[in-house]
Amino acid sequence: MYSKVCLVSLGLAATAAAQSAVTITDGNATFSYTSYATATNSTAGFANFAANTTDHCYQSWWYYAVSGDANGSALNNSGSQLVVTPAANGRSVDLDWANVDGRSFAANLKNTVYSTGPTTGVSTQALKITNNTGAALSITIYNYTDLDIAGSTGDQSMQEPTWPAGNMVVQDTTTFNNVWVLGDGIGAAEAGGFATIRGLVLGAQPYVPSGNVAFGPGDFTGVLSWTATIPAGGDATFRSMLAIDQIPASQRQADAATYCTAKPGTNGLPAWTLNRPYLGSNATLEITNGLNGSAPIVFLGVAPTNIPFPPFGTVCTLPVTTLGMPAFASGISALPIPVPNSSALGGATIDLQGLFVDPGAAGNLAHTDGMAWTFGSF
C-alpha cells in the first residue's frame, strides 16, 4: 500500500469505456475509480478519494455471494459486462451490470461526491440489485474499503459512538485525519489489516463479518455487509458512504422524486433534474426544456397535491412561499441552493413546482411536475 496523489478531473465524456478510469468532483471533493475488477476473484477495484489535495483511499469496491456460492465474488468487467456512465454535472457516476456474471440479476452502483467544506467531503454509494430470475434471490452484499489516510501503516479504527453498531471511524495516528466508513442498515461489519478482510470476502462462504471494528494502528481495511432475500422481479438497495474529516450530520437518505403532471410548452415537457439535496452541500435546482429568456417561479410547499386549474395546468403543491430562478438559457434554468449541515433537516421534505410564461403553452403558462426534495446525508 502507498500514499497517492489524487487524480485531477478528467474531462468526462457522456459514457466512458468500460475499462476507463473515471473521476467525479464537487468543489474540493474528488473520487476516482482507477481500475475495475476483471473477474469474480479479482482483487482490483482501486479508487482515490480526497477532500483537498491528499488522497485517503486505496480501494473501494463491492462484492456479492448468492446463497449456496462456495466463494465470494467481485462485481467485475469480465466479458465487458460493466458500463460506466458519468453524469453531465460531473458529481456522480453510474456503474451498470445488466446481467451480473450471467446469473440473471442486474446491478447499478451510483457514486456521488459532495463537498461539505474546504477540507471535508463525502462519497455516497448506493448499490441496487434487481432480481430478474423467476425465484427469490438470497444474496449477501459486501462493501470493502482499504484506507491509506496518511500512508499505510498508522491507521486505527473504532466504532463510531453516535451511529449504529458496525459504523466505523478510522484515524491516522500521526496527522489525526479521520475518515468515516458508514452504512445504512448494515447487518455486520469487520475491520482488519491488509489483506485479511478482502481474503475473507472473496473466500469461503458464508462469510459473516465478526462485528469487531477495533483495529490498529496498521494498514486498515474494513467491510460492511447486508444479507437480503429479493423477490422475483424485485430489487433492493444497499447504501454506504466515506466521509473525510467531518461526520455526516444525518443517517437519513437524500432523495429527489417527482409526482403529479407537467404541462408542455414550446420545448416540450419541462422537467426537474433529480439532484439530491445532501446536507452541507450546494444542491442545484434545475429545470430543463424551458423557453429561453423566460424565468421560472418555483412554488415551495410542504405537501403534494393535484389540483386541475385549466387552462393553466395543474397545481402540484400549495405554495407556502415562492422562489425565483434564472431565465432559461439553452433550455436550462439552474439555481445552486446551499443546504445547511444540520441534523435537524435530516429526513425533512419540501415540495416544489416550477412555472414560467411560454406563449407556446395553453394559457401562455408551462410548468413542471411536482418534486419532493428530501434532505439527508446518504
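Author: Happy to! Let's begin with Ser250, which sits in the loop that links strand S17 (235-244) with strand S18 (255-259). Please keep in mind that this is a predicted model. Is Ser250 buried or exposed? Its relative accessibility is 6%, and buried means under 20%, so Ser250 counts as buried. The side chain of Ser250 also comes to 2.9 Å from the backbone nitrogen of Arg252. Leaving out residues up to four places away in sequence, Ser250 touches Trp163, Leu279, Gly346, Gly376 and Ser377.

In soluble globular proteins, nonpolar side chains tend to be buried together. Here the largest nonpolar core has 60 residues, and those touching the most other members are Tyr33, Trp61, Leu75, Leu95, Trp97, Ile129 and Ile141. Strand S4 (residues 57-66) contributes the most to this core, namely 7 residues. A second, separate core holds 19 residues, among them Ala256, Leu285, Met325 and Leu352.

Trp97, apart from its neighbours within four places in sequence, is in contact with residues including Trp61, Leu75, Leu82 and Leu109. Tyr33 stands opposite Ala47 in S3. Strand S2 (residues 29-33) and S3 run antiparallel and are joined by 4 bridges. On strand S3 (residues 47-50), Ala47 and Phe49 point one way while Asn48 and Ala50 point the other way, and all of them are buried.

Conventions
Residues numbered from 1 in each chain as written. Predicted model: local features only at pLDDT ≥ 70, side-chain atom pairs only at ≥ 80, totals over all residues. Heavy atoms only, no water. Helix = DSSP H or I, 4+ residues; strand = E, 2+ residues; numbered from the N terminus. Buried < 20%, exposed > 50% of the residue type's maximum accessible area, 1.4 Å probe, protein only. Polar contact = N/O pair within 3.5 Å; in protein donor to acceptor, adjacent residues only side chain to side chain. Contact = heavy atoms within 4.5 Å. Pairing = 2+ DSSP bridges. Core = buried A, V, L, I, M, F, W, Y, C linked by side-chain atoms within 4.5 Å.
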